[in-house]
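Please view the sequence and the structure below before reading on.

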Amino acid sequence: MSSNFMKASDLVAAGFSTALLALACAAVLLLVGTGWVRRGWKLPVLLAAIAALAGALSTQEARNAWIATAATPLDYFYACWFVSMPLQIAALYFAVRQAGALSVALFWRMIGITALMVLVRYLGDAGYMNATLSFLIGIILWLYVLGELFFGRMDEVVAKSRMPVLRRGYFWLRLIVAIGWAIYPLVQFLLSSGNVVSSGAVSLTYSLFEFPNRIAFGLALLAIALIESPEDKP
Amino acid sequence: MSSNFMKASDLVAAGFSTALLALACAAVLLLVGTGWVRRGWKLPVLLAAIAALAGALSTQEARNAWIATAATPLDYFYACWFVSMPLQIAALYFAVRQAGALSVALFWRMIGITALMVLVRYLGDAGYMNATLSFLIGIILWLYVLGELFFGRMDEVVAKSRMPVLRRGYFWLRLIVAIGWAIYPLVQFLLSSGNVVSSGAVSLTYSLFEFPNRIAFGLALLAIALIESPEDKP
Amino acid sequence: MSSNFMKASDLVAAGFSTALLALACAAVLLLVGTGWVRRGWKLPVLLAAIAALAGALSTQEARNAWIATAATPLDYFYACWFVSMPLQIAALYFAVRQAGALSVALFWRMIGITALMVLVRYLGDAGYMNATLSFLIGIILWLYVLGELFFGRMDEVVAKSRMPVLRRGYFWLRLIVAIGWAIYPLVQFLLSSGNVVSSGAVSLTYSLFEFPNRIAFGLALLAIALIESPEDKP
Amino acid sequence: MSSNFMKASDLVAAGFSTALLALACAAVLLLVGTGWVRRGWKLPVLLAAIAALAGALSTQEARNAWIATAATPLDYFYACWFVSMPLQIAALYFAVRQAGALSVALFWRMIGITALMVLVRYLGDAGYMNATLSFLIGIILWLYVLGELFFGRMDEVVAKSRMPVLRRGYFWLRLIVAIGWAIYPLVQFLLSSGNVVSSGAVSLTYSLFEFPNRIAFGLALLAIALIESPEDKP
Amino acid sequence: MSSNFMKASDLVAAGFSTALLALACAAVLLLVGTGWVRRGWKLPVLLAAIAALAGALSTQEARNAWIATAATPLDYFYACWFVSMPLQIAALYFAVRQAGALSVALFWRMIGITALMVLVRYLGDAGYMNATLSFLIGIILWLYVLGELFFGRMDEVVAKSRMPVLRRGYFWLRLIVAIGWAIYPLVQFLLSSGNVVSSGAVSLTYSLFEFPNRIAFGLALLAIALIESPEDKP
């Protein structure tokens, strides 16, 4: 895969490699799993699979950049988040729609705001926007998404649904978006602006948080979909 | 994927990376989605998937060339457009054919004129043809395609069809070809001739326009096809 | 894909890139299309898909060699032809067998003679055989294949068949083998011997002729197969 | 695959190459085999396939690092084990669940402890933790997993099941985890700490043990699943 | 695929390239073909597909090593043979089992002895074992495999079977193992020991023998399986 190699033990590169392998494995598992669930569940599982795939592709590049130059421009991470986070919100939306009607406007609002959140944070980190402003707007947009998930129509539909597995699963998926995704504004806050090239500690943190944020998210969704898909309809 | 890496934050490379990831994700989504729609809709969805795939492959090369040399020959973009634009017009044709009969001659005319449009623009940009002449011929050919889409037999078939989703979807798909694709003659006009190697601003523009022109186009087509495919015929 | 990049506009590299993208797209389209046709048509479509795949793989290498060294050894082209041309003849044979019985001996004769034709031409071009002799033997072998296609048992079976689409399609497929494939002895004749490393003009010619010879051939075959496969047997 | 090449015979590189090829072949065989077994068996077979895939990806990188630098940082191996070993324990869990009920808590306990075991060993080998302590904790965690497999609820369920093939297969799968996986603490013990960069002998040992630990494990699971899946339910 | 390129015509590299393309094409054809045959025939066809895939992967590396260094360590060939030859013997075993019962012990004996044969030859060629001894043991192990194929239980089962196509196919498959595989001890004998790095002539010979030994073997198996699989059970 890469044409440059670790020459000694390197905790950051090992973290990247492990996240890369785990993301690739999760993507394959979810892709194949798409074939085992009911038609309604195929789309959310596939979206989570593609989010893991995007994570794997950009983690590979981030790792190779780290091994070659001992620095990872945040661009690699942001490219991934800009694609995978809206995909995951879309996966949540289509999962909840299995339990009840959701407006199309809600879909566009949540997708658009998630993408905007990542874009604003990137502009801040890369110095194209005031760092504090970027941080604040990013927080507000994120809180809006959390608001929809915790108090909006989606929560309502899930609470009323007769799918206990979905209720329990939605609890965990929502938690990942609330707790796991909190690492991104947190790191942005701690680093302040101008730190566009990631140090080893930040890279390692971001690699490790792929496990809950992309992999556990996808596996939880697949588990819900498998339990909700009766055996005799493969 | 690449053996050269960004060393600092780079807006153009980040734009390329994001477009690449999004195109690859869209291609996988559409390819898998091909399996979920009625047989008649499989072909248009697959053609849109392949157009996204062609976009992903050439965006990857354009990005790597940018990172390595800080310049992207327009050849990379034109190779993509020469393949993906006729594929998208073909996808539109086969989508509309779900609603009524279309002549085979129309298919060949539209495919051929779209390919010719890209070729003429390339010859102008690369200096093998007078730039103004290339621009004018390119515009005329594009207007012909738009004429067919807005006032020709395809519009007629869609207007008469009993598929409200197709009518609404056709409106948006046609708009992408009319508004989104306008960026190509616009940039050509602004740059005048002789600018065969793309600057960062042009590269970033072209990357961003992959989102409406290839990705939104494909997703809209998949959405139409999914709604038109009854659940019990997977 | 490649680790070396165009630095300025390059018509030959652009031709290679476009042929590469188009061949890859055609291969994916034909591979997926294999799943949409009747069982008897699966094999010919798959063989045409694999011929396009072989074309894509060797075009990629030929292009990268061109970008790196501004010369393309003919070996890259011959490796492709040695594999893809017999595959295409086999695709024709299995397509015609849908309409009537064909002897197994005919299959081996046509495959063997096509492979021999490519081998003899390579030996001539690479200087391992007298160039004129290689040219003449190559022509004779090609004429034999054309003879079988135009006046042999295959023509007879198609003419008698009750599949009008196959009759019309066979007309075009045969024409590609007769007119499109004529470029190979023609270039060999024009260059005379000793020109084992391809100039840009020859490379561009060979790239462009991938469009009729590999891509149009495969798409025509898929179109025949799709029309001959009833909708209710997907 | 790699851009650096062996120049002479190299037993370690040959071992890596053979393990890489065999792991890739096993991954393809298991992935395709997933389609041939009953729905309940699909998940364990897929998990074993993904474990082999993870093994193939990291063996490729470890080999290329060896050819380029004549040393393989243990990071490559640990990244593989951290992903593939929990996957294999999960495969065992889901295989046994075909025969009877198993608690979800057991699943999380076994997965978590297996991942912890690999992590602790890595921290010891890489010098982030006292080597003896790492070795001891690693042994204890491994013994816990073996205890669950040999004397816990899983053994109970298998012993009571009416699937003789599963009983026999479980015997072998458990043996691989007990005997095959013993190589990892053994090598760790022999090398003592500080030897983070693998010598040739250790690399060759680890390559060879991919054959029982990943490949034979997966093939045994596929064999069980195929025999337990009746022919008429493909 | 490779980052180094031929600069002039090179018969050895052309041989490698052609074998690589043909092996990749055969692998795709056999993999897709797996979906067209009866369940019992899926496994042997898949095993032959994987053997071709292993051949393609190692031929690519051997070729790239040849282009870069004008020498191919035999390690590349032996890694391929160690994986693909047992796979092919396993394919033969599972093909014959379609016609009658075969003991599991026979399977392990044949697989193990084939792998041992390749290992012993490698140890001899690489100088880890006396060359004459290695040659003799290799011959004896090969003769044992041939004995099982020509006079053992497998021959008995095929001779008694009511599948005329299998009888005829088995004749050819067995012949490939007897005549085609004879090239390996022959070259070993002619080179004597110590010649671990392959000259061009040996590399070309090994490339060409991939055609009967891997490709024709797989295609023959697929042909048998297709004829034995009734059309109405796809």
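**The interface of chain E and chain D**

In this predicted model, 33 residues of chain E are in contact with 26 residues of chain D. About 2,600 Å² of area is buried between chain E and chain D, and carbon and sulfur atoms give 72% of that area.

**Relation of the two copies**

- Chain E is superposed on chain D by a rotation of 72 degrees, with 0.0 Å of shift along the axis and an RMSD of 0.0 Å.
- The two copies are therefore related as by a five-fold rotation axis.
- Of the interface residues of chain E, only 3% are also interface residues in chain D, which means that the copies meet through different surfaces.

**Polar and charged pairs**

- Between chain E and chain D the count is 1 salt bridge.
- In a salt bridge, the side chain of Glu61(E) meets that of Arg63(D) at 2.6 Å, N to O.
- There are 4 residue pairs in polar contact across the interface of chain E and chain D, with both residues at pLDDT 80 or more.

**The side of chain E that touches chain D**

- Helix H2 (39-69) and helix H3 (74-96) of chain E each supply at least two residues of the side that touches chain D.
- H2(E) gives the largest share of this side of chain E, namely 16 residues.
- By residue class, the side of chain E that touches chain D consists of 22 nonpolar, 7 polar and 4 charged residues.

Conventions:
Residues are numbered from 1 along each chain as its sequence is written. Chains are lettered from A and ligands numbered from 1 in the order in which they are written. This is a predicted model: local features need pLDDT of at least 70, side-chain atom pairs count only at pLDDT 80 or more; totals for chains, interfaces and linings use all residues. Side-chain values use heavy atoms; hydrogens and water are left out. Copies are superposed by least squares on the C-alpha atoms of residues with pLDDT of at least 70 in both. Contact means heavy atoms within 4.5 Å. Buried area is the accessible area (1.4 Å probe) that two parts lose on being put together, summed over both. A salt bridge is a side-chain nitrogen of Lys or Arg within 4 Å of a carboxyl oxygen of Asp or Glu. A polar contact is a pair of N or O atoms within 3.5 Å; within protein, one must be able to donate a hydrogen and the other to accept it, and residues adjacent in sequence count only if both atoms are side-chain atoms. Helices (H or I, at least four residues) and strands (E, at least two) are DSSP runs, numbered from the N terminus. Ala, Val, Leu, Ile, Met, Phe, Trp, Tyr, Cys and Pro count as nonpolar, Asp, Glu, Lys and Arg as charged, and the others, Gly among them, as polar.
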